[in-house]
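Subject: Structure handover

Hi,

Here is the structure for you to look over. My notes follow below it.

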Amino acid sequence: MRRRIAEPRVVTDVRRDDDSHRMTVSNVQMVFGAGAPGCQAERMSYDAFYSDRQGRAVPRVSEVVSANVWPGLRALIESRVRDGSLARTFPWQDCSDTPDAITSTDEDLFRDSLLAHIPALAGTYPQKSDLPSTDVALDMVDFVASRIDEPTGRQYHSYFRHEHLTFHDDSWGLPRQQLKPGQAKFRDDVDLLFARNGIAFTLGDDMRVRRLGPPEAVALISDFKPNSENPQLNAKLNDAMTRFLSRHRADRQDALEKLWDAFEQVKYLGGPSVDIKQSVTSLLGRAAPEPFRKELDAEFKALTHIGHNYTIRHHGGQQKELPGDAAVDYLFIRLASVIAFVLRNTGRMTQ
């Protein structure tokens, strides 16, 4: 037997038209019955909190969903189940007068689908006291974020004392990049929760969890828009940057390898010469005047040495292993910074 979501009740400033049974609501506060209360706070900027305004914001460097964060994250998910934001995908239809009307979310349908898509949950929906792994918690955010479609209308059915939910018309043809109703709010709420707890993940514009990367890399990443005459090089650089922001460690190692491959191609941007040394000399000569050009040349040589001697592009020989994830981040940022400098100063970076 399917279990129905607790009905929301409106407790402030409600006006009901008895003829049309349509409810007009202003300054609405949603209060739920049994279960965890909604945690859908009003959209706010990070400076809404006193500690942030005083410059004491927590650095976003943690890549672990902690026991402090999980209950809040679960509450954000549960609030979307209860407010009908997931009802279009998981509809509960229990109105005998209008059988096709969606009245709320079918919680069992939602949880069955979630558990099937995240096998690591082993068939058990985690409670507030059950701390899942970070991967599982973020998989849950991905699952919910992509399925949010907030009701655009609520018609009150007085006889059964429930609402009929209506949604945006797909025939309107929302632009491909436009978010569905409610998705931007969910993204902002998740990001605020992560920011307040120093979590280095965020929801991207595609409504998928991605890694922010080290704080020192934020400006580098946001401004990294290669526009060289080599489309394959541009694509490889963009692919490396995308993989670097993945929440999976294997993708970040792959990003480092792809960036080093791209570095070898950058060396040939100096001109048609088949001599790589001449090409690098010409390229760096246009990127910076002396004596700084010599510093760039030394950095190119140092990075080339690292690429040959560590398990970045080559494996199984005499290459040494990198000591850990921090080393991967450091080398990626170091190489990406040099490449960005050279491309930007030779007119190969979109402003």
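Helices (H or I, at least four residues) and strands (E, at least two) are DSSP runs, numbered from the N terminus. By that count the protein chain has 11 helices and 10 strands. This is a predicted model: local features need pLDDT of at least 70, side-chain atom pairs count only at pLDDT 80 or more, and totals for chains, interfaces and linings use all residues. Residues are numbered from 1 along each chain as its sequence is written, and side-chain values use heavy atoms, with hydrogens and water left out.

Whole chain
Of the 351 residues in the protein chain, 44% are buried (under 20% relative accessible area; exposed is over 50%, partly exposed in between; 1.4 Å probe, protein chains only). Take the contacts (heavy atoms within 4.5 Å) with a separation of 6 or more: residues 24 or more positions apart account for 63% of them.

Helices α10 and α11
Two packed helices are described by the angle between their axes and the distance between the axes. For α10 (residues 292-309) and α11 (residues 325-345), the angle is about 140° and the axes are 11 Å apart. Axes are lines fitted to C-alpha atoms, for helices over the stretch in contact, and angles run from 0 to 180 degrees between N-to-C directions. The pair is therefore oblique (under 35 degrees is roughly parallel, over 145 roughly antiparallel, 65 to 115 roughly perpendicular, the rest oblique). On the α10 side, the contact residues include Phe-292, Leu-296 and Phe-300. On the α11 side, they include Leu-331, Arg-334 and Phe-341.

Phe-332
Phe-332 sits in helix α11. Its relative accessibility is 1%, so Phe-332 counts as buried. What does Phe-332 contact, leaving aside its neighbours within four places in sequence? The partners are Ala-240, Met-241, Phe-244, Ala-255, Leu-256 and Leu-259. The C-alpha atoms of Phe-332 and Ala-217 are separated by 9.5 Å, though the two residues are 115 apart along the chain.

Backbone points to check
Most residues other than glycine have a negative phi, and most peptide bonds are trans. Glu-290 and Pro-291 are joined by a cis peptide bond, with omega about 5°. Pro-291 lies in the loop between α9 (276-287) and α10. Ala-122 has a positive phi, near 55°. Ala-122 is in the loop between α3 (107-117) and α4 (134-147), and is exposed at 63% relative accessible area. Met-207 also has a positive phi, near 60°. Met-207 is in the loop between β9 (201-203) and β10 (209-211), and counts as buried at 3% relative accessibility.

Best wishes
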